[in-house]
Amino acid sequence: MAKQDIEIKTQDGTARAGLFRPAASTKAGVILYMDVFGPRPALDQMAERLAGHGYAVLVPDLFYRNVPYGPFDPKTAFAEEKSRAALSALSGGTTQDMTIRDGSAFLDALAAEGIAGPIGAVGYCMGGARALNAAASYPDRIAAAASFHGGNLASDSPDSPHRKAASIKARVYVGTSGIDRSFPPEQSARLAEALRVAEVDHVIENYVGMAHGWCVSDHSVYDAAGAERHWKRLITLFAETLG
């Protein structure tokens, strides 16, 4: 699938993004919310795979307010003091509210490319919470939202996605690492209860034996079998909700 580099005007500046279109007709649009290491070939490959199933996939740079930055090697970035500090500054300085505001521009960018109708959202790592918050913030546009090894989905923070469960109309899938300090069992239980009370159609699945980051091929903890299981769940979710 050919990648089209585009620029998206937001309230805070200009975000670079990659747009991946299917070779044949487009079923629907999908926003892929990046992990903390930013847009790179591994995420492009994931977008290409989704495009192969008929979806137009937008991969925006959520850290656009701080360009230039990186690049980062996911295998070593947190082991090196300089890159670890840079990543912490980027993720801490890009709030949920910022990404929620950006969501309107991302949806408009898809519409400007002729991609109308229901939209899917999927996020990895820090992108997981952002995908769920996007579903809560744009309930009339986003019909399916998925998080994989997302952290802080039901934390004590005021911008935690579980607090907005009542606004979600999308079908939700959450795939969690077997052991994940950023999303411990008590948060999983809190998220499940919030989604249940809000009557959100949802599944929370624990990938036992998988570590945080198992879905993305350039992570040191990448697991091929676990990644394929994630693809099966994600493609089924989108097929059943987006067409």
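Q: Why does Tyr55 count as buried?
A: This is a predicted model, where local features need pLDDT of at least 70, side-chain atom pairs count only at pLDDT 80 or more, and totals for chains, interfaces and linings use all residues. Residues are numbered from 1 along each chain as its sequence is written, and side-chain values use heavy atoms, with hydrogens and water left out. Buried means under 20% relative accessible area, exposed over 50%, partly exposed in between (1.4 Å probe, protein chains only). Tyr55 has 1% relative accessibility, so Tyr55 is buried.

Q: What makes Phe238 buried?
A: Its relative accessible area is 0%. That is under the 20% limit, so Phe238 is buried.

Q: How many aromatic pairs does a search of the whole structure find?
A: The search finds eight. Rings of Phe, Tyr and Trp (its six-membered ring) pair if their centres lie within 6.5 Å; planes under 30 degrees apart are stacked, over 60 edge-to-face, and the rest tilted.

Q: What makes the pair of Tyr55 and Phe238 edge-to-face?
A: The centres are 5.8 Å apart and the planes make 65 degrees. The distance is within 6.5 Å and the angle is over 60. Hence the name edge-to-face.

Q: Which parts of the chain does this pair link?
A: Distant ones: Tyr55 is in strand 4 (residues 55-60) and Phe238 in helix 6 (residues 224-241), 183 residues apart. Helices (H or I, at least four residues) and strands (E, at least two) are DSSP runs, numbered from the N terminus.

Q: Why is the pair of Tyr69 and Phe72 called stacked?
A: The planes stand at 20 degrees, with the ring centres 6.2 Å apart, so the pair is stacked. Phe72 has a relative accessible area of 14%, so Phe72 is buried. Phe63, Tyr69 and Phe72 form one aromatic cluster.

Q: How do you know that Arg229 lies over the face of Tyr207?
A: A charge sits over a ring if NZ of Lys or CZ of Arg is within 6 Å of the ring centre and within 35 degrees of the ring normal. Arg229 is at 4.1 Å from the ring centre of Tyr207 and lies over its face.

Q: Is Ser147 buried or exposed?
A: Ser147 is buried, because its relative accessible area is 0%. Ser147 lies in strand 6 (residues 142-148). Leaving aside neighbours within four places in sequence, its contacts (heavy atoms within 4.5 Å) include Gly123, Leu153 and Tyr173.

Q: What makes Phe183 buried?
A: Its relative accessibility is 5%, so Phe183 counts as buried. Phe183 is found in the loop between strand 7 (171-177) and helix 5 (185-197).
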